[in-house]
Amino acid sequence: MNPDDEVDLHKDTNEKQSWKTVLFLAYQSLGVVYGDLSISPLYVYKSTFAEDIQHSQSNEEIFGVLSFVFWTLTLVPLFKYVFIVLRADDNGEGGTFALYSLLCRHANVSLLPNRQIVDEEVSTYKLEYPPVTKNSSRVKRILEKHKNLHTALLMVVLLGTCMVIGDGILTPAISVFSAVSGLELAMIKDHHEYAVVPITCVILVCLFALQHYGTHKVGMIFAPIIVTWLVCISALGLYNIFHWNPQVYRALSPYYMYAFLRKTRKAGWMSLGGILLCVTGSEAMFADLGHFSHLAIKIAFTSIVYPALILAYMGQAAYLSKHHHIESSYQIGFYVYVPEPVRWPVLAIAILASVVGSQAIISGTFSIINQSLALGCFPRVKVVHTSDKIHGQIYIPEINWILMILCLAVTVGFRDTKHMGNASGLAVITVMLVTTCLTSLVIILCWHKNFLLALCFLLFFGSIEALYFSASLIKFLEGAWVPICLAFIFMTIMYVWHYGTIKKYEFDLQNKVSIKWLLGLGPSLGIARVPGIGLVYTELVTGIPANFTHFVTNLPAFHKVLVFICIKSVPVPYVPPEERFLIGRVGPKEYRLYRCIVRYGYRDVHRVDDQFENQLIFNLGEFIISEERNSCSSGNYSSDGKMAVIGTPPPVQSGMERNLSYETQESVQSVTISYVRSPTIQSIQDLIEIDSPHLARRKKVRFMVPNSPQINPDVRDELQELYEATEAGAAFILGHSYVKAKRDSSFLKRLAIDVGYNFLRKNCRGPSVTLGIPHISLLEVGMVYLV
């Protein structure tokens with residue numbers, strides 16, 4: 001539901017957009033945001049009339065279903081999402097994590113470790129709402145006071161995340177299967193499944209196999225396909241309305257919902273699980289807000305998608321109201337009301353549209369798992385960026401193949417729209433319930449509106465969704481068990497990983513070394529300082545990590561320059577590059593110990609490339625100069641010196657000059673970028689030698705220190721040492737941890753830590769892989785964590 005298939009540069013939330021730009025964004029959003037929602041007519045009626053209710057001569061059933069579809073589309077996507085939920089954006093970003101991020105910034109409910117007050121100074125960490133009211137303050141105090149509520153809130157977010165993952169398995173299956181099922185009308189009933197299921201499986205395998213190429217090359221044709229599909233179903237709807245029953249518009253009256261339930265009773269209530277499929281994909285309007293503007297998404301839905309869907313459902317109802325001989329769901333499919341001369345072209349367009357809708361949810365699954373990684377709620381996996389120009393297009397190999405296997409298992413195992421619809425419906429409505437609950441909290445804590453207003457929002461939309469949720473849940477044995485089982489498995493994995501990560505951080509926090517111990521060792525740290533720069537990775541934002549002391553006591557030498565690096569997540573969608581690095585000292589100046597905190601938002605791209613070391617050395621040099629310039633160094637330090645935000649060199653742009661001069665040599669090509677910020681550091685050269693495309697790159701960073709009388713001799717000496725350490729090479733020091741529960745721990749804790757967490761840690765990718773650290777420069781320190 002959160003596909004990252006469009007260029008983020010299309011959207012500028014800080015500047016007023018022209019109507020031409022807005023209309024272009026609205027057009028593009030049709031292919032990304034509304035692919036899943038647009039193909040729902042393929043299976044809604046077929047799923048609704050699968051078993052619980054039958055089409056009769058009175059037409060009360062078909063008109064009642066049409067009335068339910070109309071009002072559900074009007075109340076949920078139009079009123080709830082377009083008019084209310086889209087306003088709950090986080091710096092222009094939407095989705096479950098955007099709501100959770102907003103709540104964490106306005107109330108101390110986050111379970112993320114290593115939080116700092118300085119993080120609130122990030123420009124995207126903005127709190128621009130009115131003063132706190134009495135009711136919001138009371139709710140805030142209750143949430144902050146009870147730690148169990150923090151965990152419960154995280155569990156709700158994880159539940160929504162897991163259901164999105166489940167939707168990424170179920171939606172491709174039901175979409176492609178429903179589109180291909182048009183072949184049913186061209187063959188014998190007993191034989192059609194032998195063609196429909198294999199063809200569906202072949203399309204799904206091809207779809208997942210092509211994921212590693214990314215969608216930037218074919219993304220531009222998504223919108224034309226969906227536009228063609230919407231025009232197609234609109235035309236079919238109008239044709240069937242005027243040809244079969246022009247009075248079908250009367251069924252839009254809410255009275256027909258009452259008549260439907262009065263006649264069908266329990267069977268009608270159970271059939272609501274099929275009706276709710278008409279809003280499948282509505283969550284994408286909010287989840288994909290970051291790629292488009294509010295206005296563009298609203299225009300696309302209200303002017304194109306909404307009318308087209310209503311016409312399509314009315315056309316199907318008009319046809320069925322005059323064809324009472326149709327008794328089974330096999331005959332109530334989408335293609336039965338398509339005129340025979342255009343049936344094959346419609347079938348081709350439907351298959352293309354279903355592929356576009358499936359691609360959107362698959363990309364969205366990759367994106368939400370990547371965001372879960374930022375929260376520390378998902379085991380480490382390999383994230384591949386499929387485009388250097390388009391931000392957010394990612395591919396996760398392990399998840400891709402798991403999704404494909406499970407999607408094929410659902411298709412082959414169920415082989416009908418009924419069970420797939422029951423499973424997909426429960427996943428969809430659960431995500432909507434989670435959004436409703438989180439939005440009600442945002443109304444109180446972030447918008448500071450009246451408590452009764454938030455309660456009305458929760459009760460009104462929550463009751464509608466609870467009605468559909470109950471109708472889906474009753475189908476547990478008929479397919480609804482699939483998303484429940486998937487959610488249970490993924491939630492267990494995510495919570496165990498998060499729990500183990502938090503316990504490991506708490507151990508590091510409790511066992512960090514005092515600065516007094518460090519000062520007692522002297523500038524040489526009690527051992528020989530050898531040339532080079534040591535990069536010590538740690539989760540701590542203050543203090544000396546325990547693995548460093550373990551390293552010092554077991555090795556006779558250490559590097560002349562040491563940098564403690566902490567890569568942390570901040571509850572914002574993006575951290576501007578110029579605010580990403582926070583640098584300070586550890587101990588007195590002569591120790592040559594630094595701390596670098598690298599901050600990322602939950603939608604930031606953690607790129608694994610060769611530029612990180614360049615940026616780090618550059619920022620260390622800038623910190624040394626700015627420290628002297630601003631008289632930050634006083635010689636007296638506590639556990640950590642004063643931290644400073646040091647800007648990262650901006651991306652390459654022709655004709656622009658900035659701070660430093662980079663020269664990158666790769667094979668026979670050369671690129672030079674000029675930077676002019678500090679007169680002290682003249683150039684940084686990134687020399688990369690490649691003997692073969694199959695060999696790893698060797699990187700060497702170099703900068704020159706000029707002889708200038710204006711430079712303080714101490715600063716020149718420190719820069720010279722940094723230069724010599726850089727020339728000698730860098731070593732990456734990571735902790736190789738083994739986490740073990742204490743003897744007096746409960747059975748559940750020992751099961752979670754000793755079995756679950758350690759199993760996941762051993763079978764997921766190591767930190768050196770996710771950080772892109774070359775093995776030749778890697779040093780691992782073994783540590784046992786008793787938590």
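Author: Asn59 is found in the loop between α3 (44-48) and α4 (60-83); helices (H or I, at least four residues) and strands (E, at least two) are DSSP runs, numbered from the N terminus. This is a predicted model, in which local features need pLDDT of at least 70 and side-chain atom pairs count only at pLDDT 80 or more, whereas totals for chains, interfaces and linings use all residues. Residues are numbered from 1 along each chain as its sequence is written, and side-chain values use heavy atoms, with hydrogens and water left out.

Most residues other than glycine have a negative phi. The phi of Asn59, in contrast, is positive, near 65°. Asn59 counts as buried because its relative accessible area is 10%, where buried means under 20%, exposed over 50% and partly exposed in between (1.4 Å probe, protein chains only). Arg265 also has a positive phi, near 55°, and is found in the loop between α10 (255-264) and α11 (266-270). Arg265 is exposed, at 62% relative accessibility.

Charged side chains come next. Glu60, Glu61 and Lys263 are linked in a network of salt bridges, a salt bridge being a side-chain nitrogen of Lys or Arg within 4 Å of a carboxyl oxygen of Asp or Glu. The whole structure holds 13 salt bridges.

One of the pairs joins Arg603 and Glu93, at 2.8 Å from N to O. These partners stand 510 residues apart, with Glu93 in the loop between α4 and α5 (96-106) and Arg603 in the loop between β6 (593-600) and α22 (611-629). Arg603 is buried at 8% relative accessibility, and Glu93 is buried at 2%.

Strand β6 itself holds Arg599, which is 480 residues from Asp119, in the loop between α5 and α6 (134-145). The closest N and O atoms of Asp119 and Arg599 are 3.4 Å apart, in a salt bridge. Asp119 is buried with a relative accessible area of 5%, and Arg599 is buried with 1%.

A further salt bridge connects Arg592 and Glu721, with 3.1 Å between the closest N and O atoms. Arg592 lies in the loop between β5 (581-585) and β6, and Glu721 in helix α23 (residues 713-728), 129 residues away. Arg592 is buried at 10% relative accessibility, while Glu721 is partly exposed at 30%.

As for the whole protein, there are 25 helices and 13 strands, and 58% of the 787 residues count as buried.
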